[in-house]
Structures are given as C-alpha cells and as structure tokens.
Amino acid sequence: MAPYRKFEEYNIEIRDEVKGNYSSIISEIGEDVTREGLLKTPERASKAMMFLTQGYQQDPVEILKGAMFKEDYDDMVIIKDIELYSLCEHHMLPFFGKAHIAYIPNGHIVGLSKIPRVVDVFARRLQVQERLTHDILECINTTLKPKGVAVVIEASHMCMMMRGVQKQNSVTTTSGFRGQFEKQETRNEFLKLVSSRLS
C-alpha cells in the first residue's frame with residue numbers, strides 16, 4: 001500500500017514569507033522556535049492561515065453562475081444548518097456556527113451545494129459576522145435575482161470566549177432579508193422552518 005500523502009497547493013513565495021513572520025512572532029513572545037515541538041510550527045501555521053483565508057482567491061458569483069438552471073419552481077428553498085468557520089478581523093481568532101439561507105426562485109434555481117460554497121468563500125476571509133451576513137445575502141440576491149433572499153447566521157466568537165469578557169455560552173445572531181422576505185408573513189414562515197426539526 002502506498003504511503004499517505006496529502007496534496008496541498010500554496011504559493012511558495014507567500015508561504016515562506018508568512019512562515020518567517022510566524023517564526024518571528026513565536027520568538028517575540030518568548031518561545032524557542034528551535035525547540036523540537038515548534039520546529040515545523042511556522043510552516044504549519046502559514047499553511048493553515050493560507051487555507052483559512054483562501055476565499056480571497058475565489059469568486060462566489062462564478063460559483064453560483066456555474067450551476068444556475070431555468071426552472072418554474074417559485075416556492076421557498078431553504079438550506080439550513082450550514083456549518084461555517086471564519087476568522088474575526090479584529091483579533092484574528094475564530095468564530096464558528098451555522099448559516100440558514102433561503103431564496104424564492106424567479107425563473108432560475110441553483111445547485112444546492114453552491115449555496116454552502118458561497119458561505120465558505122466569504123467565511124474564509126477576515127470577517128465580522130455582520131459583513132459576512134451581508135456579503136452572502138447580496139451575492140445571492142444580485143446573482144440569482146430571486147424574488148427574495150433570507151440569511152440568518154448564529155455564531156460563537158473565540159474573541160469573546162477566550163479573552164475579553166470570557167463569556168463561553170454567548171451566541172451572536174445576525175440576519176438579512178431582501179424582496180419577499182421583507183414581508184412579515186414570508187419572514188415568519190422562514191424563521192419557523194429554520195427553528196423546527198422536520199425529521
């Protein structure tokens with residue numbers, strides 16, 4: 001059996017520069033970067049950071065356009081409990097949670113996997129939850145041009161849990177609505193379906 005190999009593609013020049021920066025940070029906080037356990041940490045950290053911010057190199061509009069299909073369906077489509085992981089731009093600490101997204105088609109539907117991919121593209125950038133919600137909402141709204149879009153994100157922020165106020169059980173909820181979802185009845189239907197367990 002062939003040995004396990006993990007294939008990752010990184011810009012070597014950027015990786016090495018970020019690696020050098022991490023090495024300096026480790027030294028500056030008082031650690032020994034030559035210690036066995038830390039020898040490969042700068043390289044691992046640089047690769048991790050490049051992975052976690054790969055959204056800058058991806059185009060969410062093209063992702064949606066690549067799987068748009070003409071369809072007469074014009075009722076609500078909901079994809080809920082989409083896992084998301086992002087980095088807070090204020091402290092570069094993780095925040096993570098779930099996104100719930102709905103749209104009402106207006107002549108076109110989109111491949112279901114594309115909505116979570118759009119979430120990932122915007123989440124894998126330095127973010128604040130408020131802008132993340134807005135970015136996802138506007139991308140879907142301007143690209144699909146549906147009758148309505150709704151986005152709700154629930155997330156926990158390590159910058160609040162590990163430092164600062166150190167509140168481990170707090171959850172932040174943000175939301176955005178366009179089109180038909182600005183009507184109370186449609187919005188309530190969406191929120192009811194998101195909060196219910198249908199299985």
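This report describes the helix packing of a predicted protein model and the surroundings of one glutamate.

Residues are numbered from 1 along each chain as its sequence is written. Because the model is predicted, local features need pLDDT of at least 70 and side-chain atom pairs count only at pLDDT 80 or more, while totals for chains, interfaces and linings use all residues; side-chain values use heavy atoms, with hydrogens and water left out.

**Overall architecture**

The protein chain contains seven helices and seven strands; these are DSSP runs numbered from the N terminus, helices being H or I of at least four residues and strands E of at least two. Their order along the sequence is α-α-α-β-β-β-β-α-β-α-β-α-β-α. The C-alpha trace spans about 60 × 45 × 35 Å along its principal axes.

**Helix α1 and its ends**

Helix α1 covers residues 12-28, and its 17 residues reach 24 Å from the first C-alpha to the last. That span is close to the 24 Å expected at 1.5 Å a residue, the expected value being 1.5 Å times one less than the number of residues. At the N-terminal end, Asn11 caps α1 through a side-chain oxygen 3.0 Å from the backbone nitrogen of Glu13. After α1 comes Gly30, with a positive phi near 105 degrees.

**Two helix pairs**

Axes are lines fitted to C-alpha atoms, for helices over the stretch in contact, and angles run from 0 to 180 degrees between N-to-C directions.

| Helix pair | Angle | Axis separation |
|---|---|---|
| α1 and α2 (residues 41-52) | roughly 125 degrees | within 8 Å |
| α4 (residues 114-123) and α5 (residues 129-144) | about 135 degrees | 10 Å |

The angle makes α4 oblique to α5, and α1 and α2 are therefore oblique to each other. Angles under 35 degrees count as roughly parallel, over 145 as roughly antiparallel, 65 to 115 as roughly perpendicular and the rest as oblique. The crossing of α1 and α2 is right-handed, that is, the near helix is turned clockwise from the far one by less than a right angle. The crossing of α4 and α5 is right-handed.

In the α1 contact with α2 (heavy atoms within 4.5 Å), the α1 residues include Ile14, Val18 and Tyr22, and the α2 residues include Pro42, Ala45 and Met49. By class, this contact has eight nonpolar, three polar and four charged residues. Ala, Val, Leu, Ile, Met, Phe, Trp, Tyr, Cys and Pro count as nonpolar, Asp, Glu, Lys and Arg as charged, and the others, Gly among them, as polar.

From α4, Ile115, Val118, Val119, Phe122 and Ala123 meet Leu132, Asp135, Ile136, Cys139 and Ile140 of α5. These divide into nine nonpolar, no polar and one charged.

**Surroundings of Glu83**

Glu83 lies in strand β2 (residues 77-88). Its side chain makes a polar contact with the side chain of Tyr85 at 3.2 Å; such a contact is a pair of N or O atoms within 3.5 Å, and within protein one must be able to donate a hydrogen and the other to accept it, with residues adjacent in sequence counting only if both atoms are side-chain atoms. Not counting residues up to four places away in sequence, Glu83 touches Gly97 and Asp120.
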